[in-house]
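The report below describes a structure in running text, going from the fold of one chain to the relation between the chains and then to single residues.

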2 protein chains.
Amino acid sequence: MAQPAATVGPDSKSARTRKRILDAAAYILSRKGYAGTRLTEVADLADLQAPAIYYHFPSRDDLIEEVMWSGIADMRDHVAATLAALPEETSPIERIAIAAEAHLRHELQISDYTTAAIRNAAQVPAKIRTRQLDEEIAYGAIWKKLFEEAAETGSLPDHLDLSSARMLLLGALNWASEWWTPDVRPLDTVVQTAQSMIRRILGDEGVQEI
Amino acid sequence: MAQPAATVGPDSKSARTRKRILDAAAYILSRKGYAGTRLTEVADLADLQAPAIYYHFPSRDDLIEEVMWSGIADMRDHVAATLAALPEETSPIERIAIAAEAHLRHELQISDYTTAAIRNAAQVPAKIRTRQLDEEIAYGAIWKKLFEEAAETGSLPDHLDLSSARMLLLGALNWASEWWTPDVRPLDTVVQTAQSMIRRILGDEGVQEI
């Protein structure tokens, strides 16, 4: 017989505690760095005793690996689901504009995970980095495909180096977690500006309006 | 009587040792983070005994502050000098394209300083961060002025939010230090792609060719 959902499902007390530990670890890791992240501080923030963390994660490094990895995995799921829900006739350039919006909004919503992953990518041991790198490659493949589809339409400007353009664009989006705050300017403005830039770069400006 | 240049000038042995300590600290800080940076490791890399560092920097935090701050100060000097050397008739949008090239090439040349500053901005104590923030604001002011001058020409696309566009562009440039390596693609290709993107976004594409 299956267990009741409240005991083992995603909304169970255990799953919620696990999530609270991850959120706290992302917060501390993004601010203190890999070497400066202490489990006692994570436990304090998650309102737990430090040993309780070991019920959910075998070690400090396992917890940190999960933070570094799950932010990108969540992003990939979110962007892939957004693209899958689009009408088939959506143009490749419009798909890129919509993926950029999904990336920006999700990144700034889960910004502790994003900045923890960004700031610590080169600081964590290689063992922890492996799973994050695999996720980055899988997520990057979504964008690579989007750009290739846009190139196939023949509408891209001549001489545009697709892979450099893709990396520069992703950089513009990723970096937003380092400067954007709701009190500086509305997120909608940033999203619209990014989309307008994409349409101008890739040659669709004036053709599509959402 | 002035001291001979070789004793106190920028090429003196002392100045060269100081530079070697800073380079080593930038390297370690970008890879180990603020909490993980040990002076013994910096000294090893700079081929010195650890106490020799204290001849040049009063404390570990003074050394780290200098790394965090000097990368941005150097960048500001470099970009400001590049802009000052341009013929007066250079168009505002072309100035932005040229500033982007100067930023990218300098950033990737001093990449340990760049990535150390990027990755540790939120991890260092507020005291260390202050001077870096002041420099960031001063450097940002150069870009703000460039965009304002471009807007005054009336050639920018309608409805483009200048400050969001500026921050997204700077993000694209800054992020390059996280992904670019000479073996992936030539730096010239990245520079040309960034410049072509800028001209398309700001409306100068096809008008100016370098």
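## Fold and assembly

Chain A contains 10 helices and zero strands, and its pattern along the sequence reads α-α-α-α-α-α-α-α-α-α. The model is a predicted one, and what follows should be read with that in mind. Taken along the principal axes, the C-alpha atoms of chain A fill a box of roughly 60 × 45 × 35 Å. Of the 210 residues in this chain, 41% count as buried. Where contacts in chain A join residues at least 6 apart in sequence, 73% of them link residues at least 24 apart.

Chain A can be superposed on chain B by a rotation of 180 degrees with 0.0 Å of shift along the axis, and the RMSD is 0.0 Å. That is the relation of a two-fold axis.

The contact between the chains takes 35 residues from chain A and 35 residues from chain B. On the side of chain A that touches chain B, the elements giving two or more residues are helix H2 (13–36), helix H7 (111–120), helix H9 (162–179) and helix H10 (187–202) of chain A. H9(A) gives the most to this side, with 12 residues. By class, the side of chain A that touches chain B has 17 nonpolar, 12 polar and six charged residues. Because 100% of the interface residues of chain A are also interface residues in chain B, the copies meet through the same surface.

## Helix packing

Two packed helices are described by the angle between their axes and the distance between the axes.

| Helix pair | Angle | Axis distance |
|---|---|---|
| H6(A) and H8(A) | roughly 155 degrees | within 8 Å |
| H9(A) and H10(A) | about 175 degrees | 12 Å |
| H2(B) and H5(B) | about 90 degrees | 10 Å |

In the pair formed by helix H6 (residues 92–109) of chain A and helix H8 (residues 126–152) of chain A, the axes cross at roughly 155 degrees, which makes H6(A) roughly antiparallel to H8(A). The crossing of H6(A) past H8(A) is left-handed. From H6(A) the contact draws on A:Pro92, A:Ile93, A:Arg95, A:Ile96 and A:Ala99, and from H8(A) on A:Leu146, A:Glu149 and A:Ala150. Divided by class, the contact of H6(A) with H8(A) has six nonpolar, no polar and two charged residues.

H9(A), named above for its part in the side of chain A that touches chain B, also packs against H10(A), with an angle of about 175 degrees between them. That makes H9(A) roughly antiparallel to H10(A). Here A:Ala165, A:Leu169, A:Ala172, A:Leu173 and A:Ala176 in H9(A) meet A:Val190, A:Ala194, A:Ile198 and A:Ile201 in H10(A). The contact of H9(A) with H10(A) comprises nine nonpolar, no polar and no charged residues.

In chain B, helix H2 (residues 13–36) and helix H5 (residues 60–84) pack at an angle of about 90 degrees, and H2(B) and H5(B) are therefore roughly perpendicular to each other. The residues B:Ile21, B:Leu22, B:Ala25, B:Ala26, B:Leu29 and B:Tyr34 in H2(B) meet B:Leu63, B:Ile64, B:Glu66, B:Val67 and B:Ser70 in H5(B). By class, the residues of the contact of H2(B) with H5(B) are nine nonpolar, one polar and one charged.

## Individual residues

A:Glu65 is found in helix H5 (residues 60–84) of chain A, and this residue counts as buried because 20 other C-beta atoms lie within 10 Å. Leaving aside neighbours within four places in sequence, A:Glu65 is in contact with A:Ile128 and A:Arg131. The C-alpha atoms of A:Glu65 and A:Ala122, which stand 57 residues apart along the chain, are separated by 13 Å.

Most residues other than glycine have a negative phi. A:Asp47, although not a glycine, has a positive phi of about 65 degrees, and A:Asp47 lies in the loop between helix H3 (39–46) and helix H4 (50–56) of chain A. A:Asp47 is exposed, with 10 other C-beta atoms within 10 Å. In chain B, phi of B:Asp47 is likewise positive, near 60 degrees, and B:Asp47 lies in the loop between helix H3 (39–45) and helix H4 (50–56) of that chain. With 10 C-beta neighbours inside 10 Å, B:Asp47 counts as exposed.

Methods: Residues numbered from 1 in each chain as written. Chains lettered and ligands numbered in written order. Predicted model: local features only at pLDDT ≥ 70, side-chain atom pairs only at ≥ 80, totals over all residues. Least-squares fit on C-alpha atoms with pLDDT ≥ 70 in both. Contact = placed C-beta atoms within 7 Å. Axes fitted to C-alpha atoms, helices over the stretch in contact; angles between N-to-C directions. Helix = DSSP H or I, 4+ residues; strand = E, 2+ residues; numbered from the N terminus. Parallel < 35°, antiparallel > 145°, perpendicular 65-115°, else oblique. Left-handed = near helix turned anticlockwise from the far one by under 90°. Nonpolar A, V, L, I, M, F, W, Y, C, P; charged D, E, K, R; others polar. Buried ≥ 20, exposed ≤ 12 C-beta atoms within 10 Å, placed from the backbone.
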